[in-house]
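Hi everyone, thanks for coming. Please open the structure on your screens, and we will walk through it together.

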Amino acid sequence: MALQTARAVVLAAGKSTRFKTKKSKLLSSICGQAMILYPLRAIESLGMPMTVILGHQAEVVQAEISAAGVQNASFIVQKEQLGTGHAVLCSKDSWGDAENIVILYGDMPLMNKEVLQYMLDDHTTSGAALTFCTSYVLDPHGYGRVIEREGVLQIIEEKNC
């Protein structure tokens, strides 16, 4: 993929309800680094511009990202948390003339440059219109789902599953 024509959108607006903590889970330290910084560093290492969608504790999360010196990041606040699709919609004006949009979640500490590059290469070879990363879990209770119905992918919030 020509990275000059790509933009990443990082979803970081959620309330961290399942984490059962007062602070955003994105600020939880994993191996000495806030969780949110893992996907951001992967994006940054490829030189791709990114938009971070903030919501719950937006100021604190943005301050952590700024203090870490993350480059090529802009921020948008999702005033009402109305779901994943709405969060992506909030970022639409930041896409500019990007031909490819890569959507990542802020709570992906296993995201690294190699995984992201593989995902981007797959995006290019498959001719996809939009790429986002997800995972398979044995027990999806409490999580939203990506479901394919009649050839159309949908993100379904857990409460609607």
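Let's start with salt bridges: a search of the whole structure turns up two of them. Please keep in mind that this is a predicted model.

One of the two joins the side chains of Lys25 and Asp107, with N and O 2.7 Å apart. Where do Lys25 and Asp107 sit in the chain? Lys25 is in the loop between strand E1 (6-12) and strand E2 (29-30), while Asp107 is in the loop between E6 and H4. That makes them 82 residues apart, so the pair links distant parts of the chain. Are these residues buried or exposed, or something in between? Lys25 has a relative accessible area of 17%, so Lys25 counts as buried, the cut-off being under 20%. Asp107 comes out at 31%, and so Asp107 is partly exposed.

The other salt bridge is between Glu44 and Arg41, and here the closest N and O atoms are 2.7 Å apart. Glu44 is buried, at 18% relative accessible area, whereas Arg41 is partly exposed, at 28%.

While we are in helix H1, have a look at Ser45, which lies there too. Ser45 is partly exposed because its relative accessible area is 38%. Ser45 and Ser24 are 21 residues apart along the chain, and their C-alpha atoms are separated by 24 Å.

Next, the sheet. What is the order of the strands in the open sheet of five? Reading across, the order is E5-E4-E1-E6-E7, and the pairing is parallel. The edges are strand E5 (73-77) and strand E7 (131-132), as each of them pairs on one side only. As a reminder, strands in a sheet pair through backbone hydrogen bonds, and they can do that in a parallel or an antiparallel way.

Strand E6 (residues 100-105) and E7 run parallel and are joined by two bridges. If you find Ile103, its bridge partner in E7 is Phe132. Lying across E6 and E7 you will see helix H4 (residues 113-126), which runs at about 145 degrees to E6.

For an antiparallel example, go to strand E8 (residues 145-149), which pairs with E9 over five bridges. Here Arg145 stands opposite Ile156 in E9. How many residues lie between the strands of this hairpin? There are two, and Glu150 takes a positive phi near 50 degrees in the hairpin.

Ile155 is partly exposed, with a relative accessible area of 39%. Together with Val146 and Leu153, Ile155 makes a nonpolar surface patch of about 240 Å².

One more stop, in helix H2 (residues 58-67), where we find Ala58. Ala58 is at 5% relative accessibility, and so Ala58 counts as buried. From Ala58 to Ser126 there are 68 residues along the chain, and their C-alpha atoms are separated by 35 Å.

Conventions:
Residues numbered from 1 in each chain as written. Predicted model: local features only at pLDDT ≥ 70, side-chain atom pairs only at ≥ 80, totals over all residues. Heavy atoms only, no water. Patch = residues over 30% accessible without salt bridge, like charges linked within 9 Å, V, L, I, M, F, W, Y side chains within 5 Å. Areas by Shrake-Rupley, 256 points an atom, 1.4 Å probe, with all protein chains shown as cover. Salt bridge = Lys/Arg side-chain N within 4 Å of Asp/Glu carboxyl O. Buried < 20%, exposed > 50% of the residue type's maximum accessible area, 1.4 Å probe, protein only. Pairing = 2+ DSSP bridges. Helix = DSSP H or I, 4+ residues; strand = E, 2+ residues; numbered from the N terminus. Contact = heavy atoms within 4.5 Å. Axes fitted to C-alpha atoms, helices over the stretch in contact; angles between N-to-C directions.
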